[in-house]
Amino acid sequence: MSESVLLSITDGIATLTLNEPETRNALTQPVYDALERHLDTIETASDVRCVVIEGTGESFSAGGDIEGMSERLTNDDPTDDAVSELARRTRDTIARVVALPVPTVAKVDGSAVGAGANLAIACDIQLASESASIGFVFRQVGLSVDAGTSYLLPRIVGINVAKELVFTGEILGAERAAELGLFNHVYDAEAFESEVAATVSRIADGPTVALRHSKRLLQDGLEKSFDRAQRDEATAQGIVFETADHEEGVEAFLTDRRPEFVGR
């Protein structure tokens, strides 16, 4: 039996590959279990400087386990318990992705819908192929939003657009999704792999400690006053001033060469 999610770590890049193409990489219990194990590994690995999430086959992820929903609704468990269990599994995993301290990239080739869309936008950057699509289609199965939609989506597209996407369940093509900010870049089929690899390598080659602090500051900044944000930035700068990567960056600038950051 193949692994539901694959993990590889090469040159500081951890790649999580959803590996259930027969279900369009639906977020089933085996997928969640595998993601949890691999996230444990990533969180304790000292050499990971960037995380990429992708899917095999023709989809990034079809979202929630619809067959699992049907089974729960036909057994003796109360409906509320069934829905709560589905929400818990999704919530915990996506929360861990959001909380990863290193930069994260969603490599979206094909459809990302429902909880699969949330998994994509839980990442810091979304890189898409021209065949990619994304939709927050919870209404199609008679459910309200979950998996962090109410937090993540309005912060990307604005509250009015978020409401429209949720109320209609529209599935957006790649270009329209990029216009709304759901995809950072859209690449044609021939350039997709090389462009994603170039962007991910550039992130992974960066000053890891500084990028960790920058990610945290940017995420927290939406909830702070301007004064508090500046004070927290100053605290972080005091830390990164002492890193080897800062010293290397200054020396590289003064000698007009490309810096070679070591991640510490």
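This is a predicted model: local features need pLDDT of at least 70, side-chain atom pairs count only at pLDDT 80 or more; totals for chains, interfaces and linings use all residues.
Residues are numbered from 1 along each chain as its sequence is written, and local features need pLDDT of at least 70.

User: How many of the five residues of strand β5 are buried?
Analyst: Strands here are DSSP runs of E with at least two residues, numbered from the N terminus, and β5 covers residues 104-108. Thr104, Ala106 and Val108 point one way, while Val105 and Lys107 point the other way.

User: Which residue of β7 stands opposite Lys107?
Analyst: Strands pair if DSSP finds at least two bridges between them, and β5 runs parallel to β7 (residues 125-129), joined to it by four bridges. In this pairing, the residue of β7 opposite Lys107 is Leu127.

User: Are α5 and α6 parallel or oblique to each other?
Analyst: Helix α5 (residues 149-157) and helix α6 (residues 159-168) have axes that come within 7 Å and cross at roughly 125°, the axes being lines fitted to C-alpha atoms over the stretch in contact, with angles from 0 to 180 degrees between N-to-C directions. Angles under 35 degrees count as roughly parallel, over 145 as roughly antiparallel, 65 to 115 as roughly perpendicular and the rest as oblique. The two helices are therefore oblique.

Definitions and conventions: Side-chain values use heavy atoms; hydrogens and water are left out. Buried means under 20% relative accessible area, exposed over 50%, partly exposed in between (1.4 Å probe, protein chains only).
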